[in-house]
Amino acid sequence: MIWGLIILSTAFATGVTHEEVPCPHGEGQVRRYHKVSTNTLGGYDSDLARYSTRAQFREFAISTCPSSYFSALGKDLDMVLPPAKASDIDQAIAASRATWMNKDKPEVWERYDTAARIAEALGRDPLTVAELYLQGSWTARDKAVGIYVGGLSGPQAAEEILDIGNKELTKDLTPEAEKLLRYNLARVAHRGGFVSARTAHLTAFLALPSLSAEERAAGRRMQHIVTIVEPALQARAIMALKAALASDGDEGRLSRARFQLADLQRRLGQEAAAKRDFHLVSMSSGAPEDLRKLAQFLLSTLDS
């Protein structure tokens, strides 16, 4: 049955503990979280975002000082900041806060944006900056798509589910069944990076007359996140990934960076650039075999 394949939901909480540590920039204390237990059984997405069947630790990994909005990964809170960089840090925080919906209550992805801008101001390497933007985009995606408890092992699996779902849509479905199917197919398509399919299913879902106010709000929230929030973070990740690829480095890390660059370009509709970079990954002797095969698959979806 299709329902067993595609139902997504929020599952058990990831185990975390926390401690209070001094803010590296600003006054007072900040909460740092530690991962106690989780798993990777929720699968992965086309841009290599990985999922637990519990809540995702990335939601807790970023810490933000209440007094200054200084943000960083918890593991980086012991950093000693150069006094000469204080003004640059303040400017990075201000630039990020200017993009927040609520200047006093940032969303977790907005705090990742702040951390990435601070990392840039501190001269961190571009791959570190790119990872912060990517993680931020994934926390937004988490809010939009939830968790596939059975595991969704990459874009190939997403494509198979979409094919099954499209066949189900040709049947005589009840309004409740069509509602559930459309919404879940939009979520699966988004995780696979199949933007046209996601847009089609989400648009059809929002057009259904049987939606409750809560269901319509959930659909609109998803639409806002996947068309506004995520792309903004992905665009900044692309800039950082390009900067990383313009310099020398470990070939394995750079092949992963090029793959993620290609997939972000695919997701943002930059197909020519995506094809070029997927091809380079597929031909790279330094890229892991599974990454080369995934690049070949995604390249084939662009050629079809």
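**Buried residues, cores and overall form of a predicted model**

Y69 has a relative accessibility of 15%, below the 20% cut-off, and therefore counts as buried. The model is a predicted one. Y69 sits in the loop that links β5 (62-64) and β6 (71-73). Its phi is positive, at about 65 degrees, although Y69 is not a glycine. Most residues other than glycine have a negative phi.

L48 also has a positive phi, near 80 degrees, and is likewise a residue other than glycine. This leucine is found in the loop between β3 (43-44) and β4 (50-51). L48 counts as buried because its relative accessibility is 13%, under the 20% limit.

The protein as a whole has twelve helices and seven strands. Its radius of gyration is 20 Å, close to the 19 Å that the globule rule gives for 304 residues, so the protein is as compact as a globular protein of that length. The C-alpha trace spans about 65 × 50 × 35 Å along its principal axes. Of the 304 residues, 51% are buried. Contacts between residues at least 6 apart in sequence were also examined; 64% of them join residues at least 24 apart.

The accessible surface comes to about 14,300 Å². Carbon and sulfur atoms account for 54% of that surface.

The largest nonpolar core has 45 residues. Those with the most contacts inside this core are I62, Y112, L132, F205, M222 and L241. Two or more residues come from each of α4 (108-121), α5 (126-145), α7 (175-192), α8 (195-206), α9 (213-245) and α10 (251-267). Helix α9 gives the most, with twelve residues. Beyond its neighbours within four places in sequence, L241 is in contact with L127, A130, A257, Q260, L261 and L264. Another core lies apart from the largest one and has 25 residues. Among them are L48, A157, V188 and V281.

H190 lies in helix α7. At 3% relative accessibility, this histidine counts as buried. Residues up to four places away in sequence aside, H190 touches R141, V145, R198, V226, E230 and R267.

Definitions and conventions: Residues are numbered from 1 along each chain as its sequence is written. This is a predicted model: local features need pLDDT of at least 70, side-chain atom pairs count only at pLDDT 80 or more; totals for chains, interfaces and linings use all residues. Side-chain values use heavy atoms; hydrogens and water are left out. Helices (H or I, at least four residues) and strands (E, at least two) are DSSP runs, numbered from the N terminus. The radius of gyration is taken over C-alpha atoms; the globule rule is 2.2 Å times the number of residues to the power 0.38. Buried means under 20% relative accessible area, exposed over 50%, partly exposed in between (1.4 Å probe, protein chains only). Contact means heavy atoms within 4.5 Å. Accessible areas come from the Shrake-Rupley method with a 1.4 Å probe; for residues, only the protein chains shown count as cover. A nonpolar core is a set of buried Ala, Val, Leu, Ile, Met, Phe, Trp, Tyr and Cys residues joined through side-chain atoms within 4.5 Å.
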